[in-house]
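Please open the model in your viewer and keep the sequence panel beside it, as the stops below are meant to be selected one after another.

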Amino acid sequence: MAVSEEVRLLCDEVAKFVREQVEPRSRWIEENDAIPDDLIKLARDMGLFGLTIPEEYGGSGLDLAGKCAIEEVMGQTNYGFATLIGNHTGISTTGITALGNEAQKKKFLPKMASGEWVGAFALTEPQAGSDPAAMRTTAVKKGDRYILNGEKIYITNAGLAQVFTVMAITDKSKGIKGISSFVVERGTPGFGIGKNELKMGMHGCTTAPLSFTDCEVPAENLLGAEGMGYVQALKTLTAGRVTVSARCCGMMDKLITQTAEYMKTRSQGGKRLAEHQGLQWMLADMAVARDAARGLTQRAIDTLMRGERGTMEASTAKVFSTEALGRVVDAAVQIHGGMGYMREVGIETTFRDARIVRIYEGTSEIQRNIIAGLLLKDD
Ligand SMILES: Cc1cc2nc3c(=O)[nH]c(=O)nc-3n(C[C@H](O)[C@H](O)[C@H](O)COP(=O)(O)OP(=O)(O)OC[C@H]3O[C@@H](n4cnc5c(N)ncnc54)[C@H](O)[C@@H]3O)c2cc1C
């Protein structure tokens with residue numbers, strides 16, 4: 001991605017961290033479905049939790065282009081670890097940075113920048129997935145508090161998070177304009193965090209349901225004005241989709257390098273795999289898919305960085321990059337033959353990890369609905 005020299009140097013440092021600290025622990029993370037405490041500490045010391053938080057609150061203040069460059073680097077390592085950091089520095093802090101008042105920013109952002117407090121973003125509910133407007137969680141104002149009741153599911157980082165950005169209905173009569181955004185802290189009475197889900201992939205990064213039972217949240221934890229929650233969630237997700245695309249590009253880079261290396265070393269039928277034209281074409285198609293994904297991701301970054309809405313560009317990048325990753329990882333397994341199916345090579349893990357990107361932050365079908373909706377909109 002196109003970034004400044006400063007961001008490039010930061011990417012090099014993160015790449016070194018990933019190589020030296022994350023990679024050696026990756027198999028352990030995969031097998032234990034947990035991130036070791038010492039790695040969280042090292043990530044805190046490295047400043048990974050503060051990458052996108054404004055400098056005045058203790059972070060590095062990366063913009064979307066910088067965040068995406070880091071996502072590409074993180075795409076080259078353990079997916080659960082990359083998601084923990086990516087979610088925290090993305091959708092889980094964006095709402096506070098965008099809507100928070102000075103007091104809220106001062107209270108939450110410095111501790112989120114240092115990684116002392118991890119963030120989570122809670123929109124999805126049992127009856128409201130692809131259609132978040134169907135949410136049922138309510139927040140009723142009572143004096144200087146809001147009383148929250150409802151449930152959220154599949155919340156990334158829930159097992160570790162201290163600070164949850166939660167969307168809830170404050171005025172049902174206003175539809176989506178009656179949805180507001182709150183910061184709910186772990187330990188608030190009436191706020192329950194359920195058991196970590198067992199998942200196909202993304203091991204190490206926790207995903208859990210949340211419950212709110214007459215949960216009293218101080219009114220000062222409302223982000224922005226009442227009714228701003230849904231619109232901000234959509235903005236947050238638009239940028240989130242671009243960062244997911246960037247991570248997919250990094251994942252494809254790694255798969256392509258790994259597959260090319262294997263093709264050069266493995267021989268069958270009296271010649272190296274690299275000399276079989278059918279396999280060469282598969283490898284070439286992997287690179288074509290990766291480069292097209294990168295181009296669309298860059299276009300979406302540029303659009304958002306210009307201050308434009310970028311909905312179409314973000315959805316196009318997400319649907320293409322996530323589906324390209326699916327094809328690329330499938331080809332990587334195929335070219336590795338039986339070895340691609342074995343855990344030791346790591347492609348099997350990526351095959352499972354890669355499946356989530358077509359589901360979260362809006363499924364492929366929803367991205368297509370958005371694109372078609374914009375194409376068919378009456379002037
Ligand atoms: C591991 C994981 C982590 C997640 N992390 C978070 C998180 O941190 N915060 C959060 O709020 N949410 C999170 N989610 C939720 C995620 O965003 C939703 O799962 C996703 O939006 C899909 O919703 P759903 O699962 O209810 O599927 P459904 O909405 O029930 O969809 C089922 C199928 O129907 C299709 N479909 C639905 N509506 C339409 C339509 N209108 N047109 C065409 N097809 C349609 C979908 O594309 C899908 O194929 C996470 C999910 C997972 C699995």
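**First stop: H88 and its surroundings**

Select H88 and display what it touches beyond four places away in sequence, namely F49, T83, T93, M112, W117, V118, G119 and N157, where contact means heavy atoms within 4.5 Å. This is a predicted model, in which local features need pLDDT of at least 70 and side-chain atom pairs count only at pLDDT 80 or more, whereas totals for chains, interfaces and linings use all residues. Residues are numbered from 1 along each chain as its sequence is written, and side-chain values use heavy atoms, with hydrogens and water left out.

H88 belongs to helix α5, residues 79-88; helices (H or I, at least four residues) and strands (E, at least two) are DSSP runs numbered from the N terminus. With a relative accessibility of 0%, H88 counts as buried, a word that here means under 20% relative accessible area, while exposed means over 50% and partly exposed lies in between (1.4 Å probe, protein chains only). Its side chain reaches the backbone nitrogen of G119 at 3.0 Å, and the C-alpha atoms of H88 and F121, although 33 residues apart along the chain, are separated by 8.5 Å.

From H88, move to N157, one of the residues that H88 touches. N157 sits in the loop between β3 and β4 (163-169), and it is buried at 1% relative accessibility. Its phi is near 75°, a positive value in a residue other than glycine.

**Second stop: the domains**

Colour the chain by domain: domain 1 covers 5-114, domain 2 covers 119-226 and domain 3 covers 231-375, with bounds that come from an automatic or database domain assignment. The centres of domain 1 and domain 2, taken over C-alpha atoms, are separated by 22 Å, and 23 residues of domain 1 are in contact with 20 residues of domain 2.

Between which domains does the ligand lie? Domain 2 and domain 3 both give residues to the shell around the ligand, so it lies between them. Of the 20 residues around the ligand, T124, S130, T156, T363 and E365 come nearest, a residue being near if one of its heavy atoms lies within 4 Å. The shell divides into 10 nonpolar, 7 polar and 3 charged residues; Ala, Val, Leu, Ile, Met, Phe, Trp, Tyr, Cys and Pro count as nonpolar, Asp, Glu, Lys and Arg as charged, and the others, Gly among them, as polar.

Next, show the N and O atoms. A polar side-chain atom of E365 lies 2.6 Å from an oxygen atom of the ligand, a backbone N or O atom of L123 lies 2.8 Å from a ligand oxygen atom, and a polar side-chain atom of N369 lies 3.0 Å from a ligand nitrogen atom. The elements that give two or more residues to the shell are β1 (119-122), β3 (145-156) and α12 (364-375).

E361 is buried, with a relative accessible area of 16%.

E348 lies in helix α11, residues 347-353, and is buried at 13%; leaving aside neighbours within four places in sequence, E348 is in contact with G340, Y341, M342 and R343.

Finish at A300, in helix α9, residues 277-305, which is buried with a relative accessible area of 0%. Beyond four places away in sequence, A300 touches V242, E313, A314 and A317.

Methods:
Polar contact = N/O pair within 3.5 Å; in protein donor to acceptor, adjacent residues only side chain to side chain.
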